[in-house]
Amino acid sequence: MIFAAGRGRRLRPLTDATPKALVDFGGVPLLEHVAGNLVAAGAHRLIVNAHYLAEQVAAWAEASSLGIPVFVSREDEESPAPLDTSGGLFHARSLFEARDPFLLHNCDVVTEVDLAALYRAHLEGEARDGRLATLAIAERETSRPLLVDGRGVYGRANRTEGWEVVAREPSSADEAREYGFCGIHALSARVFERYAEGGVFSIMDSYMDWIGDGEHVGVFDATGAAWYDIGTPERLDAARRAFGAASA
């Protein structure tokens, strides 16, 4: 599933008449670039959520030449605002056909993270320790780090706003470190059993609740892989240069 419901206000004027997911990236929509990476990693079915100018995202999906089915979860038909990541996942639950683990990918992340390796790591971790999810992380400067120890994620923080959430005690103070989240996760299908109801809420808040309830959220260290959050025009230009994806 690709999270693509955001409006992209920081990318204006590029998003005045185009959803962030369809901003050009090397002659193709950003959404198509991300979808292509998922297909290359083995995805055989795609779900995309949409809200702002959702009809454009739906038209892209209908005309897709990816070679696999693409389904759109229209949040604009249910809510005046996007449902955020956890609410968006729950809203799309009926579109998930299989009970196999799946990948979640933010549409505004351009990266060379090995998605197939992330998926394999989650399968191995699920069999070994029963984890609910595996999050791609990297050593980088961030004001909103994940708190990680030898077992996985135990909390998160916002250094700009000055708060920290510790969902469980770290296994060892010596192992506790801060990492940047890459905006890519692998989840087990039983995640849908964890929801009591829908709404507008972040999956990071959900992770903290689930970890506090005893769930295990593991990590996949993607340090060293190219990674760009294209939330601003400057970051988009940097990603285009790095990937040789000049605007068409």
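Biologist: Which element gives the most to the lining of the largest pocket?

Modeller: The model is a predicted one, and in it strand β12 gives the most to that lining, with four residues. Among the elements that each supply at least two residues are also α3, β10, α5 and β14. The volume of this pocket is about 1,300 Å³. Its lining has 42 residues, and those closest to the centre are T85, N106, D108, R144 and D229. By class, 16 of the lining residues are nonpolar, twelve are polar and 14 are charged.

Biologist: What is the volume of the second largest pocket, and which residues lie nearest its centre?

Modeller: The second largest pocket holds about 460 Å³ of space. Of the 23 residues that line the second largest pocket, H44, R45, P101, F102 and L103 lie nearest its centre. Helix α4 gives the most to this lining, with three residues, while β4 and β6 are among the elements that each supply at least two. The lining has 17 nonpolar, two polar and four charged residues.

Biologist: Why is T85 called buried?

Modeller: The relative accessible area of T85 is 18%. Buried means under 20%, and 18% is under that limit, so T85 counts as buried. T85 is found in helix α3, which covers residues 84–91.

Biologist: What makes the approach of T85 to D84 a polar contact?

Modeller: The side chains of T85 and D84 make this contact at 3.4 Å. Leaving aside neighbours within four places in sequence, T85 is in contact with F3, F201, S202 and I203.

Biologist: Why is T134 called buried, and with which side chains does it make polar contacts?

Modeller: T134 has a relative accessible area of 0%, which is under 20%, so T134 is buried. This residue is found in strand β8. The T134 side chain makes a polar contact with the side chain of H122 at 2.8 Å, and another of 3.2 Å joins it to the side chain of R131. Leaving aside neighbours within four places in sequence, the residues in contact with T134 include L118, I184, H185 and F220.

Biologist: How do you know that C107 is in no disulfide?

Modeller: The count comes to zero disulfides. For C107, the nearest cysteine sulfur is that of C182, 16 Å away. A disulfide requires sulfur atoms within 2.5 Å, and 16 Å is beyond that cut-off, so C107 is in no disulfide. C182 is likewise in no disulfide. C107 is buried, with a relative accessible area of 2%, and C182 is buried with a value of 2%.

Biologist: What makes α5 a mostly covered helix?

Modeller: Seven of the ten residues of α5 are buried. They are I203, M204, S206, Y207, M208, W210 and I211. At the start of α5, a side-chain oxygen of S202 reaches to within 3.0 Å of the backbone nitrogen of M204. Just after α5, G214 takes a positive phi of about 105°.

Biologist: Which kind of peptide bond runs from R12 to P13?

Modeller: That bond is cis, with omega near 10°. P13 has its place in the loop between β1 and β2.

Note on methods:
Residues are numbered from 1 along each chain as its sequence is written. This is a predicted model: local features need pLDDT of at least 70, side-chain atom pairs count only at pLDDT 80 or more; totals for chains, interfaces and linings use all residues. Side-chain values use heavy atoms; hydrogens and water are left out. Buried means under 20% relative accessible area, exposed over 50%, partly exposed in between (1.4 Å probe, protein chains only). A polar contact is a pair of N or O atoms within 3.5 Å; within protein, one must be able to donate a hydrogen and the other to accept it, and residues adjacent in sequence count only if both atoms are side-chain atoms. Contact means heavy atoms within 4.5 Å. On a 1 Å grid over the protein atoms alone, a cavity is a set of points where a 1.4 Å probe fits but cannot get out, and a pocket is an open set with protein on both sides within 12 Å along at least five of seven lines; lining residues have an atom within 4 Å of a point. Grid points are joined across faces, edges and corners, and a volume is the space filled by probe spheres set on the points. Ala, Val, Leu, Ile, Met, Phe, Trp, Tyr, Cys and Pro count as nonpolar, Asp, Glu, Lys and Arg as charged, and the others, Gly among them, as polar.
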